[in-house]
Amino acid sequence: MTQIELRGIEKNFGAVQVIKNLNLAIADNEFIVLLGQSGCGKTTTLRAIAGLETVDEGDILIDGQPVQHLKASHRDIAFVFQSFSLYPHMTVFENIAFPLRATRGNRTDIEREVQAVAKTLQITHLLAKRPSALSGGDMQRVAIGRALVRRPKAMLMDEPIGALDAKLREEMRAEIKRLHIKQGSTTIYVTHDQVEAMSLADRIVVMHEGVLQQVGTPHEVYARPANMFVAQFVGSPVMNMAEVTVSADTGHARVQVWDASTAFDFPSSVTAQLAAAGAENGNVTLGVRPEGVLVSREAREGFVPVEAHIIEPLGSHDIVDLQVGAQMLRARTKSGFVARPGEAVWARINPAQAHFFDSSTGTSFGIRL
Amino acid sequence: MAAVQTRSERALNRLAIAAVLVITLLFLAPIYWITSTAFKPRNLATTIPPTVVFEPEISPFVKLFTKRSQLRTAPEPEDYAAAPWWERLVFDGGEKVVRSGRGEVQLSGYPNRFMNSLIVAITSTVLAVSMGTFTAYGFSRFKMKGEADLLFFILSTRMLPPVVVAIPMFLMYRAVGLNDTHWGLIILYTAFNLSFSVWLMKGFIDEIPKEYEEAALVDGYTRLQAFFKIVLPEAATGIAATAVFCFITAWNEYAFALIMTNRRAQTAPPFIPSQVGSGLPDWTVIAAGTFLFLLPVAIFTFLLRNHLLRGMSFGAIRK
């Protein structure tokens, strides 16, 4: 039973403010992923919770108790480092037993606990080896074992699988998820990889330049990004963004993308909703993910003619660049749907997948069509 | 390197090996000279050309450890017959072993000087390396104002040739009663080695990832515990390398030992040449003393050779 709460955390490194007024409440057993680019303050936040970094302002509460003045060793939290940081001069057994020896438990207890953790992680056969003899994946299993063995209040993981190769990363991702479901401990996980974040998190915390951008379930963050940063950071390929001019027409609205001569059809309600949200033409950015751009090979009602440019075949689907005005709109199609570059096709924007943002602040107008 | 060597490459290779052999022989020559002289009969020690083939003797070592005086006449036959084998060796050389009134053999100054050397070198090495390790850890792990300046200051203590301050040091030592004491030399050698030890250890500790200690910190250990359980074992190679260098410096130091000590705390380096002056120099005894003096460093270096090799290439492997 561990809740963690951050209240008004501020942190400066010299003149650089790395965390700005961060507030976050993490529930018991929750798997939270801090997601952001390098330098966004996510690792600093994690280290502050662990007690490896001090904060300049604000409170860190674990189960309601402020801990920001406690040393790391008194917070009862486990930390898994990207570099694994297994002690080279100790065997795997000694590495896992190391946290237990801090509290001077008796030998048979330690032996039993280490064996139990090793069994969970299926590394029993490695116990006598030294870390240098292990593969990357096994090293990380041992590092996780060392974190689990003490049954800490919370697990903090700093890009724990970032140093592994792609295939192993996928494998370990599933393993971490399985382990969390089985062991159920409050976990905070830092990554810059949005796929990792989406697949692991109960809730994702997106950070940018020290500021919390959005907290939500993977679906919320993907389907209802709070601002342009989140919209473009989460999801691959990146969401299309375009300055638009919205005008009312008979029975529908017309959305002109960039300076294109043609405009996309939208339900007429969009003009009223934009007006209600305080949006004005010249200050509206439309965001649409590639799967929200519908492509047709023949002229259809509501579709505008465009020209296909680069086609990226990705196996399960293709990503096609469509020229709209002077710019490109990326669309996701069935593989082989557009045969070759230069082909003339027709495109439409699915209003249900359109996001409208304030161009100057980047904030979403929160309009759902 | 190419898998197949051309003829010229092979020739060049052989030439290089030959050059290495010549250089090695050149470097080993003095050691051979000292070692062979240490086992020569006295009359063969200074022949021209040098005697290479001889029957090795132990007598230089017997003489090294005993106090002797010149014999004017040959020893009484019954004295000679009653003497143990080693004393006869001294008689054979035209000298006799000095005995106290109660007939106990008097030792020469050498064993005492040798012990002094051991005490001073080991203690100062332990002090310099441990203080250096702690200091280096502080510099390596904590941010502080003027860090670079402080490190430079520590290094700058090595820039002055030490002998320049020998006389002022001697006067100061005399004033506080540190001259001719073990602690006097220990403090001196520790101070001299400390800057070296700090710099060398800082390099080694910088190589140890910070995450090791941070992992220990979150696992419930204090920083001091983390230092002893994690940093020290990881730094063992560096500590060994630093210790060898500090030990060699302290063990071989001559000038300050000569000035600061004369009897009680005198180390072997100033003692050995001082024996040249008493009567006709017996080079075999001096060689025997030097030979024994070389052994501790050789043994110490041999024991730590693996650490030393890794220490020499530190930074090249780890990352």
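Into which domains is chain B divided? In this predicted model, chain B comprises domain 1 (7–38), domain 2 (59–97) and domain 3 (110–312). The predictor assigns the complex an ipTM of 0.80 and a pTM of 0.78.

Confidence was examined along chain B. The mean pLDDT of chain B is 87, and 94% of its residues reach 70 or more. Among the elements of this chain, helix H5 (residues 110–141) has the highest mean pLDDT, 95, whereas helix H15 (residues 305–312) has the lowest, 71. Over residues 314–319 of chain B the pLDDT falls below 50, and this stretch has seven contacts in the model beyond near neighbours in sequence. Where pLDDT is low, predicted coordinates should not be read in detail.

Chain A contains nine helices and 20 strands. Its C-alpha atoms fill a box of roughly 80 × 45 × 35 Å along the principal axes. Of the 369 residues in chain A, 43% are buried. Among contacts in chain A between residues at least 6 apart in sequence, 64% join residues at least 24 apart.

Chain A is divided into domain 1 (4–233) and domain 2 (260–358). The centres of these two domains of chain A, taken over C-alpha atoms, are separated by 39 Å. Four residues of domain 1 of chain A are in contact with four residues of domain 2 of chain A. On the domain 1 side of this contact in chain A, three residues are nonpolar, one is polar and none is charged. The UniProt record, an unreviewed entry, places the feature "domain: ABC transporter" at residues 4–234 of chain A. Over residues 4–234 of chain A, the chain is 37% helix and 26% strand, and the end C-alpha atoms lie 25 Å apart.

The arrangement of domains in chain B was considered next. The centres of domain 2 and domain 3 of chain B, taken over C-alpha atoms, are separated by 40 Å. Six residues of domain 2 of chain B are in contact with nine residues of domain 3 of chain B. Helix H2 (residues 59–65) of chain B gives the most to the domain 2 side of this contact, with five residues. The residues on that side of domain 2 of chain B divide into four nonpolar, one polar and one charged.

The contact between the two chains involves 14 residues of chain B and 17 residues of chain A. Helix H9 (210–218) and helix H10 (223–234) of chain B each supply at least two residues to the chain B side. The largest share of that side, six residues, comes from H9(B). The chain B side consists of eight nonpolar, two polar and four charged residues.

H9(B) is mostly covered, with seven of its nine residues buried. The buried residues are B:Tyr212, B:Glu213, B:Glu214, B:Ala215, B:Ala216, B:Leu217 and B:Val218. These buried residues of H9(B) pack against helix H1 (42–50) and strand E6 (77–80) of chain A, together with H10 of chain B. Just after H9(B), B:Gly220 takes a positive phi of about 100°.

The largest nonpolar core has 152 residues, and those with the most contacts inside it are A:Val33, A:Phe79 and A:Leu156. Helix H8 (residues 182–206) of chain B gives the most to this core, with eleven residues. Leaving aside neighbours within four places in sequence, A:Leu156 is in contact with A:Leu46, A:Ile49, A:Ala50, A:Ile77, A:Ala78, A:Phe79 and A:Ile188. Another core, of 17 residues, lies apart from the largest one, and B:Phe61, B:Val62, B:Phe114 and B:Ala268 are among its members.

One residue of chain B was examined individually. B:Ser117 is located in helix H5 of chain B. B:Ser117 counts as buried because 23 C-beta neighbours lie inside 10 Å, where 20 or more are required. Beyond its neighbours within four places in sequence, B:Ser117 is in contact with B:Trp251, B:Thr267 and B:Ala268. B:Pro269 is 152 residues away from B:Ser117 along the chain, yet the C-alpha atoms of these two residues are separated by 8.3 Å.

Technical notes
Residues numbered from 1 in each chain as written. Chains lettered and ligands numbered in written order. Predicted model: local features only at pLDDT ≥ 70, side-chain atom pairs only at ≥ 80, totals over all residues. Helix = DSSP H or I, 4+ residues; strand = E, 2+ residues; numbered from the N terminus. Nonpolar A, V, L, I, M, F, W, Y, C, P; charged D, E, K, R; others polar. Domains from an automatic or database assignment. UniProt positions renumbered as here; feature names shortened; annotations may be inferred. Core = buried A, V, L, I, M, F, W, Y, C linked by C-beta atoms within 7 Å. Buried ≥ 20, exposed ≤ 12 C-beta atoms within 10 Å, placed from the backbone. pLDDT = per-residue confidence, 0-100.
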